[in-house]
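Visitor: I'm new to reading protein models. Could you walk me through one, feature by feature?

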Amino acid sequence: MSKSVFITGASSGIGRQLAFEFARRGYRLALGARREDLLQSLQAELAGQFSVAVEIAPLDVTDYPAVRVCLQQMADRLGGLDIVVANAGISYGELVGCGEFAKTQKTFETNVLGACATLDAATELFLARGSGQLVGISSVAGFRGMPGAASYCASKSALTTYMEALRAQLYERPIQVTAIYPGYINTPISRNMDSRPFVIDVEKGGRLIADLIEKRVDRAMVPRFPWSLVARLLPLLPTRVIAKVD
Ligand SMILES: NC(=O)c1ccc[n+]([C@@H]2O[C@H](COP(=O)([O-])OP(=O)(O)OC[C@H]3O[C@@H](n4cnc5c(N)ncnc54)[C@H](OP(=O)(O)O)[C@@H]3O)[C@@H](O)[C@H]2O)c1
């Protein structure tokens with residue numbers, strides 16, 4: 001039987017593109033997001049182009065118990081899950097100390113706890129089954145805190161560290177942990193930003209990420225160049241340089 005993949009945040013951007021990529025590669029799909037109408041039209045579009053099973057479910061990753069239930073239901077419907085991609089994420093670009101703490105809270109609830117809830121439930125499934133691949137969509141933003149993006153950068157840093165620990169916990173088990181660090185990819189999350197250096201289109205981003213998942217890498221920047229260089233440089237730059245980043 002073909003492999004199956006569950007993707008959170010599949011209604012838009014990278015998650016949506018990954019759905020097309022994996023459908024094209026013959027995978028069976030389980031797709032979750034809050035906007036069910038977008039998932040329904042995505043399901044119809046996929047059915048028109050590919051003959052693969054596509055299950056959809058309304059899912060808010062900040063409803064942590066519901067994440068576990070959803071994963072279990074999707075596994076039952078597809079006869080097991082091989083890959084789980086914790087992709088759902090938000091970015092507000094709020095400023096600290098300017099009355100925007102609610103956005104900071106929501107960012108951590110979604111990007112950190114929502115991703116952890118997804119990976120925790122997936123790990124439970126994979127431990128019971130004896131195999132699987134956990135994928136987390138982190139970000140190069142996690143390598144250095146940027147002004148105007150404190151909670152987003154910190155949330156991605158937390159996810160990155162969580163995944164490193166998870167990989168160590170699962171060492172010697174047949175469960176792969178793949179951490180993806182995209183640079184700028186042209187999706188709604190970043191469309192209103194003033195500057196998006198080295199931005200790539202979502203078709204290319206989705207293709208590169210799907211390739212990396214299929215290669216079962218431990219971790220990778222997307223695209224590798226120039227972000228693997230930038231990621232090394234970022235922690236070395238003095239704060240006076242970082243302070244000027246828009
Ligand atoms: N695009 C970039 O430049 C870039 C760079 C680095 C990392 N990333 C990461 O890539 C991931 C995908 O982002 P994107 O670029 O594809 O942005 P996007 O187009 O805005 O998509 C975000 C997705 O996350 C879902 N989502 C948000 N909150 C959710 C929640 N509480 N529960 C369930 N789903 C939720 C949204 O679906 P609903 O609103 O329908 O729930 C949507 O499908 C994010 O984790 C982001 O941080 C993106």
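Guide: Let's start where two helices cross. The crossing of α1 and α6 is right-handed. Keep in mind that this is a predicted model.

Visitor: What is the angle between α1 and α6, and how far apart are their axes?

Guide: α1 and helix α6, residues 202-214, pack at about 60 degrees, and their axes are 8 Å apart.

Visitor: Which residues of α1 and α6 meet there?

Guide: On the α1 side you'll find G13, I14, Q17, L18, F20, E21 and F22. Facing them in α6 are V202, E203, G205, G206, R207, I209 and A210. Sorted by class, the residues of this contact are 7 nonpolar, 4 polar and 3 charged.

Visitor: Which residues of α4 meet which residues of α5?

Guide: From α4 come T104, T107, F108, N111, V112, A115, C116, L119 and T123. From α5 come S151, Y152, S155, K156, A158, L159, Y162 and L166. The classes in this contact are 10 nonpolar, 6 polar and 1 charged.

Visitor: And what about α3 with α4: at what angle do they pack?

Guide: Helix α3, residues 64-78, packs against α4 at about 40 degrees, and the axes are 9 Å apart. So α3 is oblique to α4. This crossing is right-handed. In α3 the contact residues are Y64, V67, R68, L71 and A75, while α4 brings L113, A117, T118, A121, A122 and L125. The contact has 9 nonpolar, 1 polar and 1 charged residues.

Visitor: Next, the backbone. Which residues does a cis peptide bond join?

Guide: For this you look at the omega angle. V222 and P223 are joined by a cis peptide bond, with omega about -10 degrees. P223 sits in the loop between β7 (219-222) and α7 (224-233). The bond from F225 to P226 is cis as well, with omega near 10 degrees, and P226 is in helix α7.

Visitor: What is phi of F198, and where is F198?

Guide: Phi of F198 is near 60 degrees, a positive value in a residue other than glycine. F198 lies in the loop between β6 (175-182) and α6.

Visitor: Let's zoom out. How many helices and strands are in the chain?

Guide: The chain has 8 helices and 7 strands. Its radius of gyration is 17 Å, close to the 18 Å that the globule rule gives for 246 residues, so the chain is as compact as a globular protein of that length. Along the principal axes, the C-alpha atoms fill a box of roughly 55 × 40 × 35 Å.

Methods: Residues are numbered from 1 along each chain as its sequence is written. This is a predicted model: local features need pLDDT of at least 70, side-chain atom pairs count only at pLDDT 80 or more; totals for chains, interfaces and linings use all residues. Two residues are in contact if their C-beta atoms, placed from the backbone, lie within 7 Å. Helices (H or I, at least four residues) and strands (E, at least two) are DSSP runs, numbered from the N terminus. Ala, Val, Leu, Ile, Met, Phe, Trp, Tyr, Cys and Pro count as nonpolar, Asp, Glu, Lys and Arg as charged, and the others, Gly among them, as polar. The radius of gyration is taken over C-alpha atoms; the globule rule is 2.2 Å times the number of residues to the power 0.38. Axes are lines fitted to C-alpha atoms, for helices over the stretch in contact, and angles run from 0 to 180 degrees between N-to-C directions. A crossing is left-handed if the near helix is turned anticlockwise from the far one by less than a right angle, and right-handed if clockwise. Angles under 35 degrees count as roughly parallel, over 145 as roughly antiparallel, 65 to 115 as roughly perpendicular and the rest as oblique.
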